[in-house]
Amino acid sequence: MSKDKRPAQTREWIRMAKFTLFSVSAGLVEIGAFALLNELLRLPYWLSYLTALVLSVLWNFTLNRRFTFKSAANVPVAMLKVAAYYAVFTPLSTALEHWLTAGLGWNEYLATGVNMALNFITEFLYQRYFVFGRSIDTLEEK
């Protein structure tokens, strides 16, 4: 159990701040990987997006489990829960990106930014209340 004696509301604000910072770093991983794959390697848009998304998810999950939610939950189970989220989010976001770029003519980076914002909000809620909800602050600090 966590030894943090700060009020619960303060701990939650800190948790949201950490999630935000790690999400920004995951966003940089995603946009960097997307740019590399889309611009330099000229892979198809959907493949560039999907690969970049997977890389950012792995980065974000690892950092948030350890530092934001401080969860000692079973890692494979927690990762399966995150995979379930992305099993829904990925096809929907890929379809949204295709519709925005191919259907409405939006810039690819603007469409990616919209999906990243949607991902940030929904993933925080999903991880906070479903993936790590019962195991928050259970990781023993070294």
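Is arginine 15 buried or exposed, and at what relative accessibility? At 5% relative accessibility, arginine 15 counts as buried. I will come back to that residue and its partners after a look at the whole chain. Please keep in mind throughout that this is a predicted model.

The overall picture, then. The protein chain has four helices and zero strands. Along the sequence the pattern reads α-α-α-α. The C-alpha atoms fill a box of roughly 50 × 25 × 25 Å along the principal axes. There are 142 residues, and 37% of them count as buried. The chain exposes about 8,300 Å², with carbon and sulfur atoms supplying 72% of that area. As for contacts between residues at least 6 apart in sequence, 74% of them join residues at least 24 apart.

Glutamate 12 and arginine 128 meet through their side chains, at 3.0 Å from N to O. Glutamate 12 is in helix 1, residues 8-40, and arginine 128 is in helix 4, so this pair ties together parts that are 116 residues apart in sequence. On the accessibility side, glutamate 12 counts as partly exposed at 22%, while arginine 128 counts as buried at 15%.

Arginine 15 has its salt bridge with aspartate 137, at 3.2 Å from N to O. Arginine 15 is in helix 1 and aspartate 137 is in the segment after helix 4, so here the parts tied together are 122 residues apart in sequence. Aspartate 137 counts as buried, with 11% relative accessibility. The cut-off for buried is under 20% relative accessible area. Because that is the limit, the 11% of aspartate 137 falls on the buried side, and so does the 5% of arginine 15.

These two pairs belong together: Glu12, Arg15, Arg128 and Asp137 are linked in a network of salt bridges. As a general point, side chains of opposite charge can pair when their charged atoms come close.

One backbone detail on aspartate 137. Its phi is near 60 degrees, which is a positive value in a residue other than glycine.

Where else does a positive phi turn up in a residue other than glycine? Arginine 42 has a phi near 55 degrees. Arginine 42 sits in the loop between helix 1 and helix 2, and at 61% relative accessibility arginine 42 counts as exposed. Arginine 42 also forms a salt bridge, with glutamate 39, where the closest N and O atoms are 3.7 Å apart. Glutamate 39 is partly exposed, at 35% relative accessible area.

On to helix 3, which runs over residues 75-103. How far apart are its end C-alpha atoms? They are 39 Å apart; the 29 residues of the helix should span 42 Å at 1.5 Å a residue, and the two values agree. The helix does have a kink of about 25 degrees at phenylalanine 89, shortly before proline 91.

Helix 3 has a set of buried residues, among them Ala78, Val82, Tyr85, Tyr86, Phe89, Ser93, Glu97 and Leu100. On spacing in general, an α-helix has 3.6 residues a turn, so residues three or four places apart point the same way. What do the buried residues of helix 3 pack against? They pack against helix 2, residues 45-68, and helix 4.

Phenylalanine 89, at the kink, is itself buried, with a relative accessible area of 12%. Leaving aside neighbours within four places in sequence, phenylalanine 89 is in contact with Tyr49, Asn115, Leu118, Asn119 and Thr122. For a sense of distance, phenylalanine 89 and arginine 65 are 24 residues apart in sequence and 20 Å apart in space, C-alpha to C-alpha.

Last, the surface. Trp99, Leu104, Trp106 and Leu110 make a nonpolar surface patch of about 420 Å². Leucine 110 is found in helix 4, residues 108-131. Leucine 110 is partly exposed, with a relative accessible area of 49%.

How values were computed
Residues numbered from 1 in each chain as written. Predicted model: local features only at pLDDT ≥ 70, side-chain atom pairs only at ≥ 80, totals over all residues. Heavy atoms only, no water. Patch = residues over 30% accessible without salt bridge, like charges linked within 9 Å, V, L, I, M, F, W, Y side chains within 5 Å. Areas by Shrake-Rupley, 256 points an atom, 1.4 Å probe, with all protein chains shown as cover. Salt bridge = Lys/Arg side-chain N within 4 Å of Asp/Glu carboxyl O. Helix = DSSP H or I, 4+ residues; strand = E, 2+ residues; numbered from the N terminus. Buried < 20%, exposed > 50% of the residue type's maximum accessible area, 1.4 Å probe, protein only. Expected span 1.5 Å × (residues − 1). Bend = angle between axes of the 7 residues up to and from the residue. Contact = heavy atoms within 4.5 Å.
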